[in-house]
Amino acid sequence: MGTWNSRGLRGSTLESLINLSNEKYLAGNLAIIQKIPTPITPVNIDQSTRHITLAYFDKKSTVDYIGAVQGIPICFDAKESVSDTYPLQNIHPHQIDFMSHFEKQKGISFIILYFSSRDEFYYIPFCDIINFWDRGQNGGRKSFTYKEIKKEYRIYQAQGVPVHYLELINKDLASREKIEC
């Protein structure tokens with residue numbers, strides 16, 4: 001379990017860009033997506049300022065974002081990689097479980113993965129996530145690579161939205177009609 005003050009700014013730029021994108025979607029009546037706060041357990045509180053100075057992240061949370069796009073429930077997690085390999089240990093079993101249950105309820109689950117060294121964002125459909133996950137659980141590779149992800153799911157900036165992922169939801173839905181995950 002990591003401490004709150006030791007994680008630094010990891011992922012904050014990605015989340016800021018996604019939050020701005022979600023604000024644009026809301027303003028345009030395209031979607032309502034909320035950031036789910038990470039549950040913490042405070043350890044030290046500065047009594048004079050009433051600020052938390054040390055806390056531990058609770059082990060279980062669900063995903064980073066949840067909401068609806070034109071009546072379609074969605075949930076996703078924002079992840080970042082500094083290399084061309086993404087370790088599956090950064091996706092937790094309870095997140096896979098939550099996304100799996102969400103999918104069974106006719107929701108759409110995915111990951112937005114930012115390859116920071118390439119400055120590229122990708123939408124990783126749940127079908128791909130679960131295939132990578134199952135491979136790792138069955139003794140195979142415990143990560144997936146940049147080469148393995150579908151390049152047609154690259155996310156671009158468009159219409160003033162820095163991480164314009166809505167169009168990829170349509171692509172994901174269309175692919176589900178053709179293949180079963």
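Here are a few questions and answers on the salt bridges of this predicted model.

In this predicted model, local features need pLDDT of at least 70 and side-chain atom pairs count only at pLDDT 80 or more, while totals for chains, interfaces and linings use all residues. Residues are numbered from 1 along each chain as its sequence is written, and side-chain values use heavy atoms, with hydrogens and water left out.

Me: How many salt bridges does the rule count?
Reply: Happy to start there! A salt bridge is a side-chain nitrogen of Lys or Arg within 4 Å of a carboxyl oxygen of Asp or Glu. By this rule, the count is 9.

Me: Is Asp-64 buried or exposed?
Reply: Buried means under 20% relative accessible area, exposed over 50%, and partly exposed in between (1.4 Å probe, protein chains only). Lys-35, at 27%, is partly exposed. Asp-64 has 12% relative accessibility, so Asp-64 counts as buried.

Me: Which helix holds Arg-135, the salt-bridge partner of Glu-148?
Reply: The side chains of Glu-148 and Arg-135 meet at 2.4 Å, N to O. Glu-148 lies in the loop between strand E9 (143-145) and strand E10 (154-158), 13 residues from Arg-135. Helices (H or I, at least four residues) and strands (E, at least two) are DSSP runs, numbered from the N terminus. Arg-135 sits in helix H3 (residues 126-137).
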